[in-house]
Amino acid sequence: MHRYDDQTAELASAVIAYAQERLRLDPAPLDAPLSPAELAARAGETVTPDGLGGAEALRLFDEVLARACISTDHPRYLSFIPAAPTRAAVLFDLVVGASSIYGGSWLEGAGAVYAENQALRWLADLAGLPRSAGGVFVPGGTVGNLSALVAARHTARARRSARAAEAADSTSVPPARWSFVCGEEAHSSLAEAARVMDVDVVVAPSGTSGRFTGAALAAAFDGLTGDQRAGVFAVVATAGSTQFGLVDDLRGLAEAAGERGLWLHVDGAYGLAAIAAPSARARFDGLELADSLIVDPHKWLFAPFDACALIYRDPVLARAAHTQQAGYLDVLGSGDWNPSDFAVGLSRRARGLPFWFSLAVHGTRAYAEAVESALRTTAACVDQIRARPCLELVGAPELSVVVFRRLGWTPAQYHAWSDRLLRDGLAFVTPTVHDGETLARFAIVSPRTTPKDTELILDTMLADPGPVT
Ligand SMILES: *Cc1c(COP(=O)(O)O)cnc(C)c1O
């Protein structure tokens with residue numbers, strides 16, 4: 001099992017040939033899920049006392065399992081947030097897997113951590129953060145948001161204790177509840193972070209713009225009781241909301257947060273990729289004032305799952321919150337850059353390496369151009385919608401998410417249309433719900449998604465889908 005023998009050599013050729021074939025497909029078939037019963041009938045029991053052997057296990061994956069997984073990098077996969085990894089990034093993911101690198105500490109993974117930090121540096125520079133900024137690649141935006149908020153609360157708690165000690169104020173009690181403030185369009189992962197941390201969420205109304213502003217933060221914060229205000233430890237801005245791709249008023253929020261001594265975290269899991277695009281950079285004015293930010297390279301920065309870049313203005317504060325202490329960890333020098341010091345988690349895959357490799361191979365200019373490409377396709381799609389009288393835009397897209405209605409359709413008709421697109425292998429476009437209304441939504445990240453693709457999908461909406469069964 002652990003020796004490289006003839007059988008392993010055969011398996012290596014087969015696995016590499018499979019990977020190569022998958023990379024060559026342009027596009028790979030969209031595919032679709034199967035029910036547990038269908039999969040049981042086709043794949044049967046795969047874990048057996050004697051093993052299936054490499055050829056059979058790979059055949060099962062190729063012919064049954066892989067075909068029951070939607071290809072998230074298909075150019076007409078426009079649901080949720082699609083994936084669009086570069087070939088170089090995917091190839092290097094194979095290398096990372098083969099290399100048994102422990103990415104949690106400098107002692108064990110120095111070379112990998114150095115390279116990951118260069119990729120983080122590129123993002124921190126684009127964001128306008130100081131040279132001392134830094135962080136870690138975590139599995140996704142959910143863990144990134146949670147880790148940043150844990151660091152923010154830790155910092156607030158430490159400052160409070162320090163103030164109490166300074167004042168020799170033994171009566172100083174912690175606030176009854178900790179909380180953070182965010183806008184209405186904040187991602188669901190923030191409610192999850194609040195549940196995990198057992199803190200409250202103060203949701204500031206977005207008004208008609210759909211954006212969380214400095215004025216809304218001031219009104220929400222100043223309207224709290226004194227004890228509630230004492231428990232607010234952070235403000236979360238969204239830079240590219242998942243539903244509409246809207247960017248909050250970062251400068252206004254940074255100023256209002258700064259005046260109130262609050263940590264500003266920017267959730268840019270999807271949208272912050274657009275800081276790489278010169279045409280969109282101005283939308284992120286004020287980002288340079290953030291205390292922490294996240295962006296997922298597995299969304300719009302062309303890396304495979306799973307990678308979220310989590311960056312802190314002052315990594316020392318994050319280290320104080322996240323470093324694990326134990327006798328068996330003592331050897332990890334506290335002066336070293338240990339990625340596990342900056343987030344929830346200890347052992348880690350060097351998951352930033354595929355992103356780094358692709359950046360190193362192609363250069364940052366190619367990234368700027370690839371992000372611009374999705375913005376151009378989005379603009380073309382907007383024109384296509386405006387040219388079709390039965391379609392109506394819901395708001396003007398700010399980044400690369402387009403939300404629109406098909407006049408006259410019921411929710412069931414949207415769902416029947418979406419199901420049919422997937423069944424036909426044409427596209428994967430799920431409806432969304434906003435203010436109780438079912439709508440169509442495209443999220444565009446891939447440079448392989450062209451105006452021809454969006455037009456093809458829009459044309460399937462012209463005819464009535466007929467009675468829904
Ligand atoms: C996708 C997304 C997240 C969650 O990121 P995961 O990588 O899926 O955990 C958080 N915030 C926003 C704005 C997102 O779009």
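Mentor: Happy to! Helix H6 gives three residues to the shell around the ligand, the largest share; helices here are DSSP runs (H or I, at least four residues), numbered from the N terminus. A word on the basis: this is a predicted model, where local features need pLDDT of at least 70 and side-chain atom pairs pLDDT 80 or more, while totals for chains, interfaces and linings use all residues. Residues are numbered from 1 along each chain as its sequence is written, and side-chain values use heavy atoms, leaving out hydrogens and water.

The shell has 14 residues, with Gly-141, Thr-142, Asp-267, Asp-296 and Lys-299 coming nearest; a residue is near if one of its heavy atoms lies within 4 Å of the molecule. By class, two shell residues are nonpolar, nine polar and three charged (Ala, Val, Leu, Ile, Met, Phe, Trp, Tyr, Cys and Pro count as nonpolar, Asp, Glu, Lys and Arg as charged, and the others, Gly among them, as polar).

Now the polar contacts, meaning pairs of N or O atoms within 3.5 Å. Gly-141 places a backbone N or O atom 2.7 Å from a ligand oxygen, and a polar side-chain atom of Thr-142 lies 2.8 Å from an oxygen of the ligand. For Lys-299, a side-chain N or O atom is 3.0 Å from a ligand oxygen. Taken alone, the ligand exposes 380 Å², and the protein buries 86% of that, by the Shrake-Rupley method with a 1.4 Å probe. Two or more shell residues come from each of helix H6 (141–166) and helix H11 (297–300).

Notes
Polar contact = N/O pair within 3.5 Å; in protein donor to acceptor, adjacent residues only side chain to side chain.
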